[in-house]
Amino acid sequence: VGNVLGYTIEDGERVPMPGRLIYRGYDLSDLVDGYIREQRFGFPEVAYLLLFGHLPDQEQYDMFKRLLHDFTDLPQNFTEDMILKNPSHNVMNKLGRSVLALYSCDPDPDSLSVENMMRQSIELIARFPVIAAYAYVVKRHYFDNDSLYLHRPEPELSTAENFLRMIRPDKHFTQEEARLLDLCLVCHAEHGGGNNSTFTCRSVSSTGTDTYSAIAAAVGSLKGPKHGGANRQVLAQFSLIKQTVRDWKDDDAVADCVGRILRRELGDGSGLIYGMGHAVYTLSDPRTVILRQSARTLAAQRGMLDELELMEAVERVTPRVFAEVTGHEKVMCANVDMYSGLIYQMLDIPPDLFTPLFAVARITGWCAHRMEEVLTGGRLY
């Protein structure tokens with residue numbers, strides 16, 4: 001489904017290389033370049049690519065978009081019984097519970113035929129944004145004393161446009177905001193089978209269980225702060241760095257702050273620079289490159305260019321400071337969590353939705369991996 005490349009092997013040694021992320025044979029960077037150049041939304045096309053294994057022609061694309069919209073309608077009384085009643089402090093828990101509840105609304109929940117799993121996958125991709133958005137506004141109403149509003153998705157809008165429309169009281173968003181959010185969804189849609197939530201989905205799927213049980217397990221995995229919840233930790237640590245460093249343009253001052261965090265003298269005591277380092281990527285994370293570049297225009301518009309450049313300084317000095325503090329040279333790059341939280345902040349998306357948005361995107365990869373596992377795996381993990 002997806003290949004993650006961050007190094008090559010030469011004479012038995014790992015040699016760092018610029019990172020690449022391949023969706024079904026297509027380089028993510030090439031796909032994104034096309035979406036930016038043509039000023040169109042890419043997430044529906046990427047979802048189709050991951051599920052079917054090839055890019056759609058115009059007729060297939062139009063039909064797929066119609067399906068996605070048709071399936072945004074939640075089952076009868078689902079919003080009232082599953083989302084409005086028993087509100088949750090955490091949107092991810094509400095999302096996982098709702099996924100399990102969809103089993104009861106499915107006329108054929110246990111069939112493992114290709115056709116049935118494909119239907120379930122498309123329904124889940126369509127419904128995740130609606131469930132996440134509704135769970136958030138209900139949480140705001142019952143626990144934060146805000147007004148309650150439920151906006152239905154519009155058929156002519158993309159996933160990113162509808163999500164921004166659903167979470168905002170006035171339904172207003174700009175095309176610049178929607179296109180940047182769409183890029184975030186495209187970049188988070190898939191990341192190979194080795195990440196924790198996708199492995200969880202494949203592992204649970206190998207038992208022969210139903211789609212809803214496997215996807216709910218993946219949601220539970222993604223919630224964890226060491227996985228999908230990492231972008232919130234990045235933003236919290238970045239807030240500390242902003243308060244500590246007096247001159248954001250001074251790399252030496254930034255390096256001093258990073259060193260104090262690494263020596264456990266500052267921050268949460270973990271000694272980690274959240275958002276730095278990756279298990280596979282070495283010289284660069286292609287998702288980070290895409291989001292960093294795409295965020296600059298909006299950062300300038302929102303008066304947050306200084307924040308973006310401070311984050312770039314943290315990315316720039318951390319490898320050197322890490323070597324000085326630990327005594328170990330390590331090829332290290334910023335991962336996608338470094339910039340995604342800041343981008344969501346620029347988009348006025350609340351932290352409660354950072355990880356749910358990750359799930360809204362990654363449900364496509366999970367479903368593709370589940371079908372691959374069920375159809376070609378055969379063994380119990």
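This is a predicted model: local features need pLDDT of at least 70, side-chain atom pairs count only at pLDDT 80 or more; totals for chains, interfaces and linings use all residues.
D106 and R119 form a salt bridge in which the closest N and O atoms are 2.8 Å apart. This pair links distant parts of the chain: D106 lies in the loop between α5 (91–105) and α6, and R119 lies in helix α6, 13 residues apart. D106 is buried, with a relative accessible area of 8%, whereas R119 is partly exposed at 22%.

E177 and R302 also pair in a salt bridge, and their closest N and O atoms are 2.2 Å apart. Here E177 belongs to helix α8 (residues 175–188), while R302 sits in the loop between α13 (286–301) and α14 (305–326), 125 residues apart. E177 is buried at 3% relative accessibility; R302 is partly exposed at 31%.

## Network and total

A network of salt bridges links K249, R296, D306, E309 and E312. The count for the model comes to 26 salt bridges.

## Nonpolar core

The largest nonpolar core contains 123 residues, and those with the most contacts inside it are Y23, F128, L181, I215, I349 and W366. Helix α6 (residues 114–144) gives the most to this core, contributing 16 residues.

Apart from neighbours within four places in sequence, I349 is in contact with L164, I167, L181, Y344, F354 and L357.

Technical notes
Residues are numbered from 1 along each chain as its sequence is written. Side-chain values use heavy atoms; hydrogens and water are left out. A nonpolar core is a set of buried Ala, Val, Leu, Ile, Met, Phe, Trp, Tyr and Cys residues joined through side-chain atoms within 4.5 Å. Buried means under 20% relative accessible area, exposed over 50%, partly exposed in between (1.4 Å probe, protein chains only). Helices (H or I, at least four residues) and strands (E, at least two) are DSSP runs, numbered from the N terminus. Contact means heavy atoms within 4.5 Å. A salt bridge is a side-chain nitrogen of Lys or Arg within 4 Å of a carboxyl oxygen of Asp or Glu.
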